[in-house]
Amino acid sequence: MNQGIKHVLGISGGKDSAALAIYLNNTYPVLDIEYYSCDTGKELQETYDLIDNLEVYLGKKIKILKAVSDENHDPFDHFLDVYGGFLPSNTARWCTKKLKLMPFEKYIAGEDPIVSYVGIRGDEDREGYISKKSNVQSIFPFRKNIWSEDVISKVLKNDNLEFIVRLYQESCFHTNKDRILEIAKTPLSNSYNRKTKLDYLLDSSTEAFNKVVFQFLKTTNYPLGKVDNYPLIQNEDVLVRSDIFSILKDSGVGVPGYYEKREYRVDIDGEEKIGFYSRSRSGCFFCFFQQKIEWVWLYENHNELFNKALDYEKEGYTWQQGETLKELSQPKRVKAIKKEHYTRIQRTKNNFKSPNLVDILTDSDEWEIDWEEEEGKGCAACFI
Ligand code: SF4
């Protein structure tokens with residue numbers, strides 16, 4: 001079924017890529033997919049446990065990619081030496097490039113056509129990492145639009161309008177064909193942008209749109225232009241966050257342990273309250289994308305890892321701007337972070353109960369957004 005194409009899926013250690021592996025294995029067993037994971041050497045144990053569970057479930061090995069083979073150092077420490085102890089940050093993110101993206105690019109090196117599956121969900125609005133190599137094509141099975149942005153921009157380009165209309169005329173047998181053709185014939189303009197047209201076409205018939213894109217690809221060098229059939233063309237599923245948790249739970253693979261909310265106690269105006277914290281993402285235990293409350297979670301739930309993270313802070317290099325981990329872990333500061341977190345979450349909840357949208361929007365700058373929201377930020381290569 002692979003028809004000369006290599007299908008690959010990167011397991012980040014996060015819930016979405018794990019659920020995608022399970023979903024594709026169950027829904028499209030005909031695809032022979034290779035799984036890989038880029039190991040920085042600094043992942044949480046829960047990530048390694050997830051990979052073990054997935055291997056058992058899928059009945060396949062997940063290839064572990066390491067940026068370097070250095071007997072004395074794991075990949076992160078190797079590159080930290082290369083960078084002279086300069087800790088990565090969201091403005092100098094050498095870690096993602098060296099430890100995640102470069103091993104992936106090396107893994108897919110060569111000219112063989114490759115389809116890479118990405119676990120961006122139907123309720124997210126981001127694209128994920130897309131290789132610039134022309135022999136690599138990304139597919140997003142959890143979204144209504146399974147195609148990558150570069151493919152869509154070519155398909156909907158005004159220059160290709162006549163060709164696309166012809167493909168619709170030849171391949172569409174939908175009861176709403178006339179309406180669909182009207183949409184297809186309307187050129188993009190300042191008042192009719194690509195996203196609007198795409199949404200109209202997908203909402204009218206996802207399958208008809210996918211068929212047209214698949215035919216269009218045959219006129220290009222994209223990997224899927226080289227195959228006779230591709231089962232995901234019929235895919236109409238849109239999977240959102242709750243579906244991901246169901247897939248992980250129902251399969252028995254399980255949700256990565258760090259997502260599990262744990263209780264903390266905090267004094268609010270003389271009254272003891274119970275709040276909840278957890279980690280919002282996979283990736284390195286010291287990842288600088290963490291919120292303060294996640295650092296507190298690490299301090300209280302994986303103290304040995306927190307101390308290791310603290311040991312990296314030397315010679316003025318810190319994981320967060322303006323505060324060292326030593327300062328953050330002082331009892332007074334821990335209390336203050338919990339108090340701030342608890343208060344913000346309560347405010348968020350109260351605002352969501354408010355019937356006035358304005359209440360939500362006015363306060364939005366001050367929220368420490370709940371961890372469920374937080375996971376969408378940061379690095380798609382590390383956290384999907
Ligand atoms: S998880 Fe964070 S620290 Fe680790 S490679 Fe990704 S961005 Fe860098």
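**First look**

Tutor: The protein chain has an average pLDDT of 89, and 91% of its residues score at least 70; pLDDT is the predictor's confidence in each residue, from 0 to 100. This is a predicted model, where local features need pLDDT of at least 70 and side-chain atom pairs count only at pLDDT 80 or more, while totals for chains, interfaces and linings use all residues. Residues are numbered from 1 along each chain as its sequence is written, and side-chain values use heavy atoms, with hydrogens and water left out.

Student: Where does pLDDT stay under 50?

Tutor: Over residues 356-376, for which the model has 45 contacts beyond four places in sequence. Contact means heavy atoms within 4.5 Å.

Student: OK, the big picture then. How many helices and strands does the protein chain have?

Tutor: There are 17 helices and 7 strands in the protein chain. Those are DSSP runs, numbered from the N terminus: helices are H or I with at least four residues, strands are E with at least two. The radius of gyration is 23 Å, close to the 21 Å that the globule rule gives for 384 residues, so the chain is as compact as a globular protein of that length. That radius is taken over C-alpha atoms, and the globule rule is 2.2 Å times the number of residues to the power 0.38.

Student: And what does the C-alpha trace span along its principal axes?

Tutor: About 70 × 60 × 40 Å. Of the 384 residues, 52% count as buried. Buried means under 20% relative accessible area, exposed means over 50%, and partly exposed is in between, using a 1.4 Å probe and protein chains only. Also, among contacts between residues at least 6 apart in sequence, 65% join residues at least 24 apart.

Student: Let's zoom in on H1. What would you expect helix H1 to span?

Tutor: H1 covers residues 15-27, and at 1.5 Å a residue its 13 residues should span 18 Å; the end C-alpha atoms are 18 Å apart, which agrees. The expected span is 1.5 Å times one less than the number of residues.

Student: Is H1 mostly covered or mostly open?

Tutor: Mostly covered, with 10 of its 13 residues buried. Among them are Lys15, Asp16, Leu20 and Tyr23.

Student: What do the buried residues of H1 pack against?

Tutor: Strands E1 (6-10), E2 (33-38) and E4 (114-117), plus helices H2 (45-58) and H10 (241-251). Threonine 47 is buried, at a relative accessible area of 2%. Setting aside neighbours within four places in sequence, threonine 47 is in contact with Ser12, Gly13, Tyr258 and Ser282.

Student: Now the core. Which residues touch the most other members of the largest nonpolar core?

Tutor: Tyr117, Trp147, Tyr168, Phe209 and Tyr230, out of 61 residues in that core. Apart from it lies another core, of 36 residues, including Cys95, Tyr264, Phe289 and Ile337. A nonpolar core is a set of buried Ala, Val, Leu, Ile, Met, Phe, Trp, Tyr and Cys residues joined through side-chain atoms within 4.5 Å.

Student: Where's tyrosine 230 placed?

Tutor: In the loop between helix H9 (206-217) and H10. Tyrosine 230 is buried, with a relative accessible area of 4%. Tyrosine 230 and glutamine 3 are 227 residues apart in sequence and 9.7 Å apart in space, C-alpha to C-alpha.

Student: What about leucine 202, is it buried or exposed?

Tutor: Buried, at 4% relative accessibility. Leucine 202 is in helix H8 (residues 194-204). Beyond four places in sequence, leucine 202 is in contact with Lys144, Asn145 and Phe209.

Student: Switching topic: which way does the phi of aspartate 269 go, positive or negative?

Tutor: Positive, near 50°, in a residue other than glycine. Most residues other than glycine have a negative phi. Aspartate 269 lies in the loop between strand E6 (262-268) and strand E7 (271-277), and at 72% relative accessibility aspartate 269 counts as exposed.

Student: And where is glutamate 315?

Tutor: In the loop between helix H12 (303-312) and helix H13 (325-328). Glutamate 315 also has a positive phi, about 50°, although it is not a glycine, and glutamate 315 is exposed, with a relative accessible area of 71%.
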